[in-house]
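I am opening a notebook page on a structure that is new to me, and I will write down what I look up as I go.

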Amino acid sequence: PGMATGAGTGPQPEPFTAWVADVASSPLAPLLVAVGFLLLGTLYILYNMYKTKQSRTDYYSPAFWDRRYERMYAAALPHQEWYGLDDAMLAIVKEMISCESDHIHDLGCGQSNLCEQLRAHGFTSLSASDFSAVLIEKRQGDEKKRAAVMGDSAPIIKYVTCDLRERAPMPVKSVKLIVDKATLDAITHRQSGNAASDARRVLNEAVKMLSDDGKLLSISLSNDNTFEKYCTHPSLTPITATRRIVRRIAGQPKPVNVYIRKFKLASRR
């Protein structure tokens, strides 16, 4: 008795619910929805740009490749031959070498079977380097297993763990042909930061390894403008014009251009 019951007033809406109802009934509602979608789309684009940048950054990191190779070996995945050139690499290399005993070095070899293919075709002085210790340890182990079975019937491929930005994996003037397939691409893929200086450091070490009549073969996805921006070196001069071939590559929705460049040692600067 004497207490107001508030009968007939009913439950009152929460302030936020009332605000949403007001906005929904406002003439500005379509505009607000459009702005909301625009903001969400912008955030999505920025997130993907960040992820792409991280991926590009990781490509020049030994730790990134160590993790990748550990996962690949744990899953027993087959080797990767970048840029789909299994059938063409041997012929391209043979165009640049005159003697089967000439020293050929695969610069940043990854899982490529190039040296194995060359050995099978009679080449006897072969080496390869990569900055992934996980990869090189596996490849060195495979060579030891092969030697245990084959003995001295075939030459040993010398695999070396080496960050090509820091030092040359082979002695000075000891290599007749250096093969770069995707190594410079991996270093310059981010196209920012230290990309140009890192590429120059790699090429400096490559020049040290080349004999006076040595050559460098570069297989790349970079067109001439990009390659010249990041990968030129005063000691190397083109032997022929850039050759372009089209290849299908795993993970790419359509064929891509692969550029083949051949250089000779012009001087040591």
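Which residues does Gln111 touch, not counting residues up to four places away in sequence? I note that the model is a predicted one, and in it I find Gln111 touching Tyr69, Met72, Tyr73, Pro78, His79, Gln80, Leu135 and Arg139. Gln111 has its place in the loop between strand E1 (104–107) and H5, and with a relative accessibility of 7% it counts as buried.

Next I looked up the aromatic rings, and a search of the whole structure gave four aromatic pairs. Phe64 and Trp65 form an edge-to-face pair, 5.0 Å centre to centre with 85 degrees between the planes, and both Phe64 and Trp65 are buried.

Phe227 is buried at a relative accessible area of 5%, and Arg261 lies over its face, at 4.2 Å from the ring centre.

Last, I looked up the largest nonpolar core, which has 36 residues, and Leu217 is among those with the most contacts inside it. Apart from this core I noted another, of 25 residues, including Val160 and Met209.

Note on methods
Residues are numbered from 1 along each chain as its sequence is written. This is a predicted model: local features need pLDDT of at least 70, side-chain atom pairs count only at pLDDT 80 or more; totals for chains, interfaces and linings use all residues. Side-chain values use heavy atoms; hydrogens and water are left out. A nonpolar core is a set of buried Ala, Val, Leu, Ile, Met, Phe, Trp, Tyr and Cys residues joined through side-chain atoms within 4.5 Å. Buried means under 20% relative accessible area, exposed over 50%, partly exposed in between (1.4 Å probe, protein chains only). Helices (H or I, at least four residues) and strands (E, at least two) are DSSP runs, numbered from the N terminus. Contact means heavy atoms within 4.5 Å. Rings of Phe, Tyr and Trp (its six-membered ring) pair if their centres lie within 6.5 Å; planes under 30 degrees apart count as stacked, over 60 as edge-to-face and the rest as tilted. A charge sits over a ring if NZ of Lys or CZ of Arg is within 6 Å of the ring centre and within 35 degrees of the ring normal.
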